[in-house]
Amino acid sequence: MTSGWRRLVDGVLAQTDGSSGGGADSETVPSIFDLIPGIPASPPLQFLVVIFVTLVGAYLSTFIVRLLGRPVAKQFQRESVAQTVLRAVRAGTVLLFALLGMTVAGLQIGNIVLSLTVLSAVLGIILAPIVGSVINGLFVLADQPYEIGDMIQLDDGTRGFVEEITLRYTKMITLDNTFLVITNSSIRERDVTNFSAEDERTRLSLDVLVTYECNIAQARDLMERAARQCDDVLEGGPDIRIGSARYPASPRAYINSYADHGVLIRLRYWAKKPYKIGTVQSNVQTKLWDLIGDTDADVDVEFAYPHQHLIFDETSGHAQVAVTRGDGRRYALDAPVEPPEEEPSTTSAVKSAPTEE
């Protein structure tokens, strides 16, 4: 019995290495059925043996991945690359045990590889998109456009966090708490905005239109003060560098243009985190509304809105304006109002005829 198991191990090593196993022909490689008398090597039993050995390999792969988790994470700083390496280790372990199961069951690996080659040639057109996604996944891992945990925005306005990056797809959690799975071949053709790359500080702007009659300097000061009073906005500090330029970190209000209905002032400020941009913008606008509407303070600032003033002078001609009274008649405002005509009386005096005496 010991010699039989020895021959089985030598046969497994021979088929794995692709050699003859030290003189042993592939047709003479023993299987587990040769060591157990009374059990024929039928295809269903061979299939069950392969499934059992593959499941054992899948179970052992979890312990191998757990054992190699920390060393691989220390070796690769990027979490997506480390997870890809661990997935490759797990897949390789399962594949190795599957080949081991086929050898133990007495299946010829050479014939199986030949069959798989023919099958892959037939299914090449069907598997082409999957292969393309895998290749694009390698480019995504190499180009590093985003990382797990980054907040990104797609070209259609969808914004969310990167949850998982594989060789085939990128999984994203949107701000609406929904999962979005995008194939890597598709995401490489899109414009992706990464809000979490290197520096999470994001510059925002607010345009406010004030009247020409208000105090422009006070309006700019109130806008800057409203931004500084928000917790999620940078109050100041050293200038923020973007490329070769530097921009002030504290909120700044500038006169953008002299518009038709007022002066357009643009406020620029920096948000500490890009995760709640809508909330930050709403808080800044609420603070500005409270400051301008404060009746106790001497505020000479008024929001502008589209309106028109009609002015008539000696060069503008004469404007005819009329109103309609309750009786349905129209009267010009610059003309005297005529009193209503008296209606004739319906009664008339009766003239008595002279009588003859």
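User: Helices are DSSP runs of H or I, at least four residues, and strands are runs of E, at least two, numbered from the N terminus. How many helices and strands does the protein have?
Analyst: The protein has 9 helices and 12 strands. This is a predicted model, where local features need pLDDT of at least 70, side-chain atom pairs need 80 or more, and totals for chains, interfaces and linings use all residues. Residues are numbered from 1 along each chain as its sequence is written, and side-chain values use heavy atoms, without hydrogens or water.

User: How much of the protein is buried?
Analyst: Of its 357 residues, 29% count as buried (under 20% relative accessible area; exposed is over 50%, partly exposed in between; 1.4 Å probe, protein chains only).

User: Where is Gln218, and is Gln218 buried or exposed?
Analyst: Gln218 sits in helix α8, residues 216-228. Gln218 is buried, at 19% relative accessible area.

User: What does Gln218 touch?
Analyst: Leaving out residues up to four places away in sequence, Gln218 touches Asp298, Val299, Asp300 and Val301 (contact: heavy atoms within 4.5 Å).

User: Which backbone atom does the Gln218 side chain reach?
Analyst: The backbone nitrogen of Asp300, at 2.9 Å.

User: And contacts across the protein? What share join residues at least 24 apart?
Analyst: 60%, among contacts between residues at least 6 apart in sequence.

User: New topic. Where is Ile64, and how accessible is Ile64?
Analyst: Ile64 is in helix α3, residues 43-75. Ile64 counts as partly exposed, at 30% relative accessibility.

User: How much accessible surface does the protein have?
Analyst: About 24500 Å² (Shrake-Rupley method, 1.4 Å probe; for residues, only the protein chains shown count as cover). Carbon and sulfur atoms hold 56% of that surface.

Notes
Polar contact = N/O pair within 3.5 Å; in protein donor to acceptor, adjacent residues only side chain to side chain.
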